[in-house]
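Here is a short report for a reader meeting this structure for the first time. Look at the model, then read on.

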Amino acid sequence: MKKRLSKYFNIYVIIALIGGFSFLYLVSFAFVLNDVATGSSLQMKKAKIEKQKQICLKDPTQC
């Protein structure tokens with residue numbers, strides 16, 4: 001039995017690594033979807049655009 005386990009050990013390691021990275025990818029994707037759904041990225045972009053507009057109104061040479 002020990003010989004058989006060591007024979008396929010590399011395959012088990014590769015499958016475990018693929019599974020682990022797939023899980024991490026799904027978790028990170030869930031955070032991205034949550035960010036998009038709540039619109040926080042969109043709010044940050046709008047705030048940046050608004051700030052740039054304010055800078056342009058104060059000093060047109062900065063645009």
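Ile18 lies in helix α2. Its relative accessibility is 54%, over the 50% cut-off, so Ile18 counts as exposed.

Helix α2 covers residues 9-38. At 1.5 Å a residue, its 30 residues should span 44 Å, and the end C-alpha atoms are 44 Å apart, so the two values agree. After α2 comes Gly39, with a positive phi near 80 degrees.

Now the whole chain. The protein chain has three helices and zero strands. From the N terminus, the order is α-α-α. Its radius of gyration is 25 Å, well over the 11 Å that the globule rule gives for 63 residues, so the chain is more spread out than a compact globule. The C-alpha trace spans about 80 × 25 × 10 Å along its principal axes. Of the 63 residues, 2% count as buried. The chain exposes about 6,200 Å², and carbon and sulfur atoms supply 70% of that area.

How confident is the prediction? Mean pLDDT values are set out here.

| Part | Mean pLDDT |
|---|---|
| Protein chain | 84 |
| Helix α1 (residues 2-7), lowest | 73 |
| Helix α2, highest | 91 |

In the protein chain, 95% of the residues score at least 70. Where pLDDT is low, predicted coordinates should not be read in detail.

Conventions. Residues numbered from 1 in each chain as written. Predicted model: local features only at pLDDT ≥ 70, side-chain atom pairs only at ≥ 80, totals over all residues. Heavy atoms only, no water. Helix = DSSP H or I, 4+ residues; strand = E, 2+ residues; numbered from the N terminus. Expected span 1.5 Å × (residues − 1). pLDDT = per-residue confidence, 0-100. Buried < 20%, exposed > 50% of the residue type's maximum accessible area, 1.4 Å probe, protein only. Rg over C-alpha atoms; globule rule 2.2 N^0.38 Å. Areas by Shrake-Rupley, 256 points an atom, 1.4 Å probe, with all protein chains shown as cover.
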